[in-house]
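The following paragraphs lead the reader through a structure step by step. Please keep the sequence and the three-dimensional view at hand while reading.

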Amino acid sequence: MISRRDFLQTSMAAAALYGGSGFGNWGRLAAQQALTQDKLLEFDTFGNVSLVHITDIHAQLKPIYFREPSVNIGVGGNKGAVPHVTGADFRKLYGIDDGSPSAYALTSDDFNALAKGYGRVGGLDRVATVINSIRADRPDALLLDGGDTWHGSYTCHHTQGQDMVNVMNALKPDAMTFHWEFTLGSDRVNEIVEGLPFAALGQNIFDAEWDEPAELFPPYKFFERGGVKIAVIGQAFPYMPIANPGWMFPEYSFGIRDERMQEMVDQVRAEGAELVVCLSHNGFDVDKQMAGKVKGIDVILSGHTHDALPEPVLVEETIIVASGSNGKFVSRVDLDVRDGRMMGFRHKLIPIFSDVITPDAEVTKVIDAQRAPYADKLAEVIGQTADDQVLYRRGNFNGTWDDLICDALISEREADIALSPGVRWGPSIPAGHDITREDIWNVTSMSYGEAYRTEMTGEFLHVVLEDVADNLFNPDPYYQQGGDMVRVGGLGYRIDVTKPQGERITEMTLLKTGEAIDASKTYQIAGWASVNEGTEGPPIWDVVEAHIAKQEGPISLDPNNSVTVVGA
Amino acid sequence: MEMTRRDVMAAGAGALLIAGLPVRVSAATEDAIAAFTGGAEIGSGDISLTAPEIAENGNTVPIEVSSDTAASILVLATGNPTPGVAQFNFGPGAASRAASTRIRLAGTQDVVAIAKLEDGSFVQASSTVKVTIGGCGG
């Protein structure tokens, strides 16, 4: 008798062999210059349930450019495993041709050249068209938002997330989970959530004082779709009060709480759930580990680490779907649920090519209405990128956007060394483009963006780097917080990712003198996004804008070779 | 090629089984354990310890211990200057042999729970709790 696991593996193999994931044909499409909306949306409707997943939009209402990482190191059991595969290795793994639309969407090589040909990605009015098309095939498809939605832009900051709430409401999601939303402060989060026309889920969102489940965020919600009883369980980002300022939402506690996740799965199964979906903001490696520990989840829709994977990853009997970030992708997962269990799936990671997918006029109108009051401020041109200078952020160690931000911190704040947080949000800018105020806000906007200046001893600076490195390279994913290594300006170092905390970072060098960092000496440090209450300084976006405006000629950065990575 | 991809995925999933972290034990911890067990051997079994992987606040870390058959459970913070946290004793009529409390941790360390079971044997569970200075998530 064929087991459920065999069914799932057969689905996976069929997707790989017959291009069911939708990526196999792209190279040919490019050759025929026939990248069309119909081809992008082509999907042979399957089974009886459809899930639509979008996550980590970071308030990107409009089409943007977004370069995927060239460095994404996996450690421990995840060394060399997806999503820790980039560039040519990634293309080989998924059978993607160089220069094809999927190469542009999913890898970083030739980004600038391909950006010219394929243009911008994302835009929630294009996303709306994709969702409408899926709903035309399957009117009761579930739309699930993985969170990091109400953060990341000029308009989102100035409206305290209201622009995103208004536009997302037009898309009519069925449920959502959370991360950066909480950095709006708990009063504002509570206010929005109380008025949401869809479920705000998080089995791991607790009342901090009593360590009891928070009433405002139910653990799960049942949906009846295609004759199937579906339970969607929410999993918010586990380490919010650690990775973000906990003082902004002191009433809440989080954590992975996988024991409770198991209790919730058992509970919904006992209540008759035929399909259990986890809408997660754990990050991919944490989701993989959780899938191996918690039994009975059919599908994990994974967010937080911004990975875009053309095929689900199978862990025992759970499929994990990763849908990218910044509005660049939507995942569609069709499921065959019979006799109370998931028997097979068909999946497609749909890239939102902005010039190919027609915007939905209704949603365009809603987006424009949010932006209209700020149109002049957003559009103001502050500088340009040079003809060979792309600005991007993603990657484990440095991106050119952060190199520029660190330059701005060192020069505007008169520091020896600059630190810039290793966040994974923020669109890219191709070479030879204008840099607008909106572009600067897209990579800096947050509710705790004060650019501080402080003194640190060499010893403490080492502790900081070791602490952040362990958040990224601890071999046990449950001890990882997501995000990338803190970016540094004016400082060089060597990192051995295989070593334990305290031994990874060596050879710290002050670049302006070439001297080794002295543990007992004090250095002037400028940075931003401190999680500590009472941090003072000008907003980082003003610091970056002032620096860019002062440059004579377009922005051109020296290549950053200050970090030597060992053990990858 | 297609099979290679499947193999890579299977290998990735298989390699997820991570060995338990070793328990780092200070002299003060060893003394506390010896005083509780009288030097008896400690196995694993009917004891569970629930603690966060990363503490939200090292000054007040919620933990929970439970066991169906424990007469007594000793909780130690092995990295604190004074490792002893609590000892919970359960009488034969105890309806529930579980306890939860909040503890203060001086830094990243293993929290250990040792139960003396009704049959006189000892079992233990441990959990690494990371105390971090905070970072920046994606």
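A residue is called buried if 20 or more other C-beta atoms lie within 10 Å of its own, exposed if 12 or fewer do, and partly exposed in between, the C-beta atoms being placed from the backbone. By this rule A:Arg120 is partly exposed, because 19 other C-beta atoms lie within 10 Å. The structure is a predicted model, in which local features need pLDDT of at least 70, side-chain atom pairs count only at pLDDT 80 or more, and totals for chains, interfaces and linings use all residues. Residues are numbered from 1 along each chain as its sequence is written, while chains are lettered from A and ligands numbered from 1 in the order in which they are written.

A:Arg120 sits in the loop between H6 and helix H7 (124-137) of chain A. Helices (H or I, at least four residues) and strands (E, at least two) are DSSP runs, numbered from the N terminus. Two residues are in contact if their C-beta atoms, placed from the backbone, lie within 7 Å. Neighbours within four places in sequence aside, A:Arg120 is in contact with A:Pro63, A:Ile64, A:Tyr65, A:Ser354 and A:Asp355. From A:Arg120 to A:Ala59, 61 residues apart in sequence, the C-alpha to C-alpha separation is 16 Å.

Chain A is divided into domain 1 (4-369) and domain 2 (380-566), with bounds that come from an automatic or database domain assignment. Between the C-alpha centres of domain 1 of chain A and domain 2 of chain A there are 28 Å. In the contact between them, 45 residues of domain 1 of chain A meet 33 residues of domain 2 of chain A. On the side of domain 1 of chain A that touches domain 2 of chain A, the elements that give two or more residues are helix H6 (111-118), helix H8 (154-158), helix H11 (240-243) and helix H13 (284-293) of chain A. H13(A) provides the largest share of that side, four residues. The residues of this side of domain 1 of chain A divide into 20 nonpolar, 21 polar and four charged. In this division Ala, Val, Leu, Ile, Met, Phe, Trp, Tyr, Cys and Pro count as nonpolar, Asp, Glu, Lys and Arg as charged, and the others, Gly among them, as polar.

Two helix pairs in chain A show how its elements pack. Axes are lines fitted to C-alpha atoms, for helices over the stretch in contact, and angles run from 0 to 180 degrees between N-to-C directions. Angles under 35 degrees count as roughly parallel, over 145 as roughly antiparallel, 65 to 115 as roughly perpendicular and the rest as oblique. Helix H9 (residues 162-171) of chain A packs against helix H14 (residues 361-371) of chain A at about 170°, with the axes 10 Å apart. H9(A) is therefore roughly antiparallel to H14(A). Here A:Asp163, A:Asn166, A:Val167 and A:Ala170 of H9(A) meet A:Glu362, A:Val363, A:Val366, A:Ile367 and A:Gln370 of H14(A). Five nonpolar, two polar and two charged residues make up this contact of H9(A) with H14(A).

The second pair joins helix H17 (residues 437-444) of chain A and helix H19 (residues 540-550) of chain A, whose axes are 9 Å apart at an angle of about 135°. That angle makes H17(A) oblique to H19(A). From H17(A), A:Arg437, A:Ile440, A:Trp441 and A:Thr444 meet A:Ile540, A:Trp541, A:Val544 and A:Glu545 in H19(A). The residues of the contact of H17(A) with H19(A) comprise five nonpolar, one polar and two charged.

How far is H17(A) enclosed by the rest of the structure? Eight of the eight residues of H17(A) are buried, so this helix is largely enclosed. Its cover includes H8, helix H15 (375-379), strand S16 (381-384), helix H16 (400-412), strand S18 (434-436) and H19 of chain A. In H19(A), the buried residues are A:Ile540, A:Trp541, A:Val543, A:Val544, A:Glu545, A:His547 and A:Ile548.

A:Leu378 lies in helix H15 of chain A and is partly exposed, with 17 other C-beta atoms within 10 Å. Not counting residues up to four places away in sequence, A:Leu378 touches A:Tyr154, A:Arg371, A:Thr436, A:Arg437 and A:Glu438.

Chain B has two helices and eight strands, in the sequence pattern α-α-β-β-β-β-β-β-β-β. Of its 138 residues, 40% are buried.
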